[in-house]
Amino acid sequence: MTQENKIPYKIYLEESEMPTRWYNVRADMKNKPAPLLNPGTLQPMTAEELGGVFCADLVAQELDNDTPYIEIPEEIRNFYKMYRPSPVVRAYCLEEKLKTPAKIYYKFEGNNTSGSHKLNSAIAQAYYAKKQGLKGVTTETGAGQWGTALSMACAYLGLDCKVYMVKVSYEQKPFRREVMRTYGASVTPSPSMTTEVGKKILAAHPGTTGSLGCAISEAVEVAVGTEGYRYVLGSVLNQVLLHQSVIGLEAKAALDKYGVKPDIIIGCAGGGSNLGGLISPFMGEKLRGEADYRIIAVEPASCPSFTRGVYAYDFCDTGMVCPLAKMYTLGADFIPAPNHAGGLRYHGMSPVLSQLYDDGLMEATSIKQTDVFEAAEYFARCEGILPAPESSHAICAAINEAKKCAETGEEKTILFGLTGTGYFDMVAYEKFHDGLMDDYIPTDEELAKYRESLPKV
């Protein structure tokens, strides 16, 4: 390893340097994300209407487009101290293997029991539910990271936690499911026969393997119909990107310590929580004209919301009971192929990120999953961390950018988000190693069919 600039493998912040405020990127956006709409009236959702589904404090955060910094309650900061600050790692071994002049850094969010960045928002949402005096919360989970994180947060605060897990993941990832149960959560494969919307979806799509849209519908139905419960969501919403801004705030502070400014920032994108959290302070500088960055969202080719979706109002869930959000979407009926191995299964994208993308402030690319797992294996052998399939989309894109630098001789600095570890994803790794993984990509005709259900707004 050559360290001509004396940058260590891992850059840690001191505990005293942890963020005390979340950063709200909406405050610096000239074009604000479009408001959530009431599906009945097609009018912007009011705080009172949203309060029937979400906690009051979270509703206030969801609707706040103007406050740039929001104080992190001391109780949440104390919980963060159990696993934060998380390191920014210089990928020296990967650089050497690629023979690239690029400098590669990654923000590692897998150093907690949940194995991902999701805990950053889970503890915040559970805290506000506890503060409101609720009995418990309901949620959905795709690959299981969010459900695991929320079950941990609820156990810590003594809240009940009901999780609806996408059926194909429930079956493929039994250990992730058991971690949730260990922390006291009930876990139901979705769609299920335990809710009216689940029964309706199963009647319309017999044998379906499920989607996040299906699971959201079930979780919302149970929350609204059960006294003392509210629904919480692990991605997409404004409030979630706000909580996840601790990722980017820490990453920027760590890099600033050594005078490092990334040229390219890369994050995987499903609903947008990780990407939005990582890029927030950098995007803020870009919006204010203080700096410029090339920002790349990376999504699976089997669920390509940004790259092949349309920017339109759509339902946030398959059962069409949630508010309408203006976002890049494939259509609320879209269900990824069962061979889709990771998370990133949502049909739409965060309204904040959708607006930024539509304004040309960031790029997007899609990658087929065999390439993703090839990159994951390459990274694991270089850097010693077994990455989650979701994170591996960003890894693949970072490797591609580093290879371009090797070809051109440009010394670009690349930062990407390593959202978590892949130890619960070994069924997918096994399929890749055994040559049983394929690259199903939806056709234009299929996507056109799903778009037919878009509401006329």
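Modeller: Here come a few questions and answers, from the whole chain down to a single side chain.

Modeller: Heads-up on the source: it's a predicted model, where local features need pLDDT of at least 70, side-chain atom pairs count only at pLDDT 80 or more, and totals for chains, interfaces and linings use all residues. Numbering runs from 1 along each chain as its sequence is written, and side-chain values use heavy atoms, with hydrogens and water left out.

Colleague: How much of the chain counts as buried?

Modeller: Buried means under 20% relative accessible area (1.4 Å probe, protein chains only). Of the 457 residues, the share that passes is 63%.

Colleague: Now Gln125: is it buried or exposed?

Modeller: Gln125 lies in helix α5, residues 119-131; helices are DSSP runs of H or I, at least four residues, numbered from the N terminus. Its relative accessibility is 1%, so Gln125 counts as buried.

Colleague: Which backbone oxygen does the side chain of Gln125 reach?

Modeller: Leaving out residues up to four places away in sequence, Gln125 touches several others, including Trp146, Gln239 and His243, where touching means heavy atoms within 4.5 Å. The backbone oxygen that its side chain reaches, at 2.8 Å, belongs to Leu233.

Note on methods: Buried means under 20% relative accessible area, exposed over 50%, partly exposed in between (1.4 Å probe, protein chains only). Helices (H or I, at least four residues) and strands (E, at least two) are DSSP runs, numbered from the N terminus. A polar contact is a pair of N or O atoms within 3.5 Å; within protein, one must be able to donate a hydrogen and the other to accept it, and residues adjacent in sequence count only if both atoms are side-chain atoms.
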